[in-house]
Amino acid sequence: MELLFITLGGVILGLIARYALPNRDRHGVVVVPAIGAAVAAVVWGILTWAGLPWDGGWIWVISLVVTAVAVVVADVLIGRRRRERDEVRLQQLLTGRVAA
């Protein structure tokens, strides 16, 4: 049950990052929340296997902090990469050198 809660927390952090950061027009609606869910679930699983108790506070703090960092980094990197590729594609279209 805790895995479900932490995954939902990852989705919520992803939604917050999606709408708080400026790159929302550069990626899909569910990309960052999905990354948040996946990171939260994986980190929770790793910490559980490492022996942290699921009812302890540190597993929650570590999982949510790592997830928050991951969604911010993902949003920034995806947005930057998409902006660069869009600019290259626009120049290709404007100069007539379009590769199929």
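**View 1. Asn23 sits in the loop between α1 (2-20) and α2 (31-49).** The helices here (H or I, at least four residues) and any strands (E, at least two) are DSSP runs, numbered from the N terminus. This is a predicted model, where local features need pLDDT of at least 70, side-chain atom pairs count only at pLDDT 80 or more, and totals for chains, interfaces and linings use all residues. Residues are numbered from 1 along each chain as its sequence is written, and side-chain values use heavy atoms, with hydrogens and water left out.

**View 2. What does Asn23 touch?** Skip its neighbours within four places in sequence, and Asn23 is in contact with Asp75, Val76, Gly79 and Arg83; contact means heavy atoms within 4.5 Å. The Asn23 side chain also gets to the backbone oxygen of Asp75, at 3.3 Å. With a relative accessible area of 8%, Asn23 is buried (buried is under 20% relative accessible area, exposed over 50%, partly exposed in between, with a 1.4 Å probe and protein chains only).

**View 3. Gly57 belongs to helix α3 (residues 57-95).** Is Gly57 buried, exposed or partly exposed? Its relative accessibility is 46%, so Gly57 counts as partly exposed. Now look for Trp44: it is 13 residues from Gly57 along the chain, and their C-alpha atoms are separated by 12 Å.

**View 4. Stepping back, the chain has three helices and zero strands.** Follow the sequence and you read the pattern α-α-α. The radius of gyration is 18 Å, well over the 13 Å that the globule rule gives for 100 residues, so the chain is more spread out than a compact globule. That radius is taken over C-alpha atoms, and the globule rule is 2.2 Å times the number of residues to the power 0.38. Those C-alpha atoms fill a box of roughly 60 × 25 × 20 Å, taken along the principal axes. Buried residues make up 25% of the 100 residues. Among contacts with a separation of 6 or more, 63% come from residues 24 or more positions apart.

Note on methods: Polar contact = N/O pair within 3.5 Å; in protein donor to acceptor, adjacent residues only side chain to side chain.
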